[in-house]
Amino acid sequence: MDRIILGDNQFFGINHMSEDKAQAQAERFRDVGAILEVIDTAYDCGIRAFMFNTHDKVAQLCDHFRLHPERYADLRLYPSMPYAHKYANVVAEKGIFGALNEFVFADASVKQAVGTILRGGKTVFTQNMMEVMRLLVDAEMKMFRGLNVKVVFLQNIVTDILLGMRVKECFVEFAAHLEKKYNVEVGFNTMNMPKLVDFLLDCGLENPIVCSSINKIGYLMSPDMESYEEVMNTRSFRPMAMSIMASGAVPPREAIEYVAGQKNIRSIVFGASSRKNIEETKKIIEEASC
Amino acid sequence: MLKGGIVGFGRMGLTHFSILNNHPEVNFVAVCDASNLMRKNIGKFMGLETFDDYRTMFDDMGLDFVIVATPTATHAETVASAIDHGLHVFVEKPFALNSDDGRRLVAAVEQAGLVNQVGYVIRFNDVFREVKKLLAADAIGELYFFRMEMFAPTVLKEVKSGWRSKKAQGGGCLYDFASHGVDLINYIVGRPVAVAGSVLQNIYSVAVEDLVSTTMLYDDGLQGSLLVNWCDASCRKPAYRMELYGKQGKIIADLHAYKVHFKGEPPLDGFESGWNARYITEFVEPVRYYVRGFEFTRQLDYFIDGILTDRRESLCSFADGLAADEVIEKITRDAAERSC
């Protein structure tokens, strides 16, 4: 696993502290070209690992990567799925199964694949929840075909709702499907890391990869920082840190020194949009990690 | 341990369930949902009792409380039955589709002495809690004007089917989305005595409105405007913005931050004359379990805490839900008169 990963929240107007900042970012990155410029800058600074949501624009980025295999020969992707906001309204409108139907059957290749098992009609098919999950994963994975995918993450809202429901099969089957069909490891994004780690271990997933907010002020760390530190020190898993600067509330050096002080953290995901910030952050992480 | 049940296992039902399912004092035992598929999967993967009729669930399961998260048109009937069964009730917003039903439910729940709450979750947002405190401390002097704006990318093309496009089921921007703004105004500023110039405008929807605008009037000369548009493709998710103008200052707040401007010396410690920006990272308190936002956990834990501590007053009671419904009815009537 890579020590330093560039995240993508800044490209999609996601900021957990300020809607003004989010707006400014959404304006700056309205087209894929502006996003690519930042990715190229990071790549030229020596960053090879990138975490992406399965946003429509990421599909366009992936097309670009495939078109220029030499430029991105060493690129390593850490995608997170699904991009939840595209599902949210349909779920409110049509319920979970209505939404699943809509998304599963919106995809032509899925329609084809499903054709063979559709003898009993849509109803019988959607009763097999795990099969639906596998098809949704396949639909989302398509944008990364031919690229070097290291770890596929389950997005945090989905992870945390499923964790709340305590349905072990979802976690086990998600991991099994990606490992078997794509030969990639799975990870889980969460806002509730301590609870999730114990649950994953309980599911029998060995040494799981768990990516969560980890920062000096305890922002987006439920239930509290102490539980995070205790779990990192006592459980067998691979922690990854994101939101290390708490959306800008903690200055970079201070933020990184805290995270680097947690010895078991494997990877640090950070967001930045300028060469200066990317270079500086990378340098501080490398210094602090020595 | 409190025994809980849920009626309506859609997007909000799921969210509420996952937040409360690992509350140390809660044991969910039953789910009622209209979908046969949903019931089968809940039974298979979660081992809960499932029902297609909430009355049977209330009769059979010996529940302490229920979460009602069905489309609005069914709230009144479901909540009335829950009160008859002596259950504490959390019901999603908006409260009821007409204020006559709402008044009956308020009377019934108060008579029964049960904990009651409506899911106006923005009341539990950390920024708006701070804004409420600032006003309670008279930080910006006498209010003379406010502006509440809400935007969301909810409806971006013509919609003909589903409960959201049916007025009789509680669809439309006014009930489904603008109700949050109406309630937040009631909570932070107070209840308007009248509304004027209300317009309910269709944009993509055929049978319901997509945009709501109105002016709210108060006895003491205060006025404010509410503008809500759920056809805004430029937003990533729902956005709330409230501006409050007082004789000594001004506040601009959204879900993540607020700015306060003081005309002269601020009356509170920790602030300076002129602009002061405060971000959620500076004052948010962590929650026990996080799904979709701090406020979702905060409102449910507040509800459960009310049952455990026998608290009778509520930060967002049925009476508050009724008050929002009454303003919504005023807006509807005002808009109808205008278009006649």
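**Entry 1: ground rules.** Before I look at strands side by side, I need to know that two strands pair if DSSP finds at least two bridges between them. Helices (H or I, at least four residues) and strands (E, at least two) are DSSP runs, numbered from the N terminus. I'm working on a predicted model, where local features need pLDDT of at least 70 and side-chain atom pairs count only at pLDDT 80 or more, while totals for chains, interfaces and linings use all residues. Residues are numbered from 1 along each chain as its sequence is written, chains are lettered from A and ligands numbered from 1 in the order in which they are written, and side-chain values use heavy atoms, with hydrogens and water left out.

**Entry 2: the sheet in chain A.** I started with strand β8 (residues 238-242) and strand β9 (residues 267-270) of chain A, which pair in the parallel sense over 2 bridges. Which residue in β9(A) is the bridge partner of A241(A)? I found that it is I268(A). Then I traced the open sheet of 9 strands these belong to, and its order is β3-β2-β1-β9-β8-β7-β6-β5-β4 (chain A), with parallel pairing. The edge strands are β3 (76-77) and β4 (80-81) of chain A, and each of them pairs on one side only.

**Entry 3: helix α10 in chain A.** Next I asked which residues of helix α10 (residues 193-202) of chain A are buried. My list reads M193(A), P194(A), L196(A), V197(A), F199(A) and L200(A). My cut-offs: buried means under 20% relative accessible area, exposed over 50%, and partly exposed in between (1.4 Å probe, protein chains only). The buried residues of α10(A) pack against α8 (156-165), α9 (168-182), β6 (185-190), β7 (209-213) and α11 (225-234) of chain A. After α10(A) comes G204(A), and I noted its positive phi, near 90 degrees.

Entry 4: I went to G164(A), which is found in helix α8 of chain A. Is G164(A) buried or exposed? G164(A) counts as buried because its relative accessibility is 0%. Leaving aside neighbours within four places in sequence, G164(A) is in contact (heavy atoms within 4.5 Å) with F17(B), S18(B), N21(B), N22(B) and Y289(B). I also checked G164(A) against Y258(A): they are 94 residues apart along the chain, and their C-alpha atoms are separated by 29 Å.

**Entry 5: hairpins in chain B.** Strand β12 (residues 249-253) of chain B is mostly covered, with 4 of its 5 residues buried. I looked at both its partners. Strand β11 (residues 239-246) of chain B pairs with β12(B) in the antiparallel sense over 5 bridges, and a hairpin joins β11(B) to β12(B) through 2 residues. Here E243(B) has I252(B) in β12(B) as its bridge partner. Towards strand β13 (residues 257-262) of chain B, β12(B) also runs antiparallel, joined by 5 bridges. β12(B) and β13(B) form a hairpin with 3 residues between them, and K250(B) has H261(B) in β13(B) as its bridge partner.

**Entry 6: cysteines.** How many disulfides are there over all chains? I use the rule that a disulfide is a pair of cysteine sulfur atoms within 2.5 Å, and the count comes to 0. C231(B) is in no disulfide, and the nearest cysteine sulfur, that of C173(B), is 7.5 Å away. C231(B) counts as buried because its relative accessibility is 11%. I put C45(A) down as buried too, because it comes to 14%.

Entry 7: H75(B) is found in helix α4 (residues 75-84) of chain B. It goes down as buried because its relative accessible area is 0%. Not counting residues up to four places away in sequence, H75(B) touches V68(B), T70(B), V91(B), E92(B), K93(B), P94(B) and F95(B). M1(B), in the segment before β1 (2-7) of chain B, counts as exposed because its relative accessibility is 63%. From M1(B) to V68(B) I noted 67 residues in sequence and 20 Å in space, C-alpha to C-alpha.
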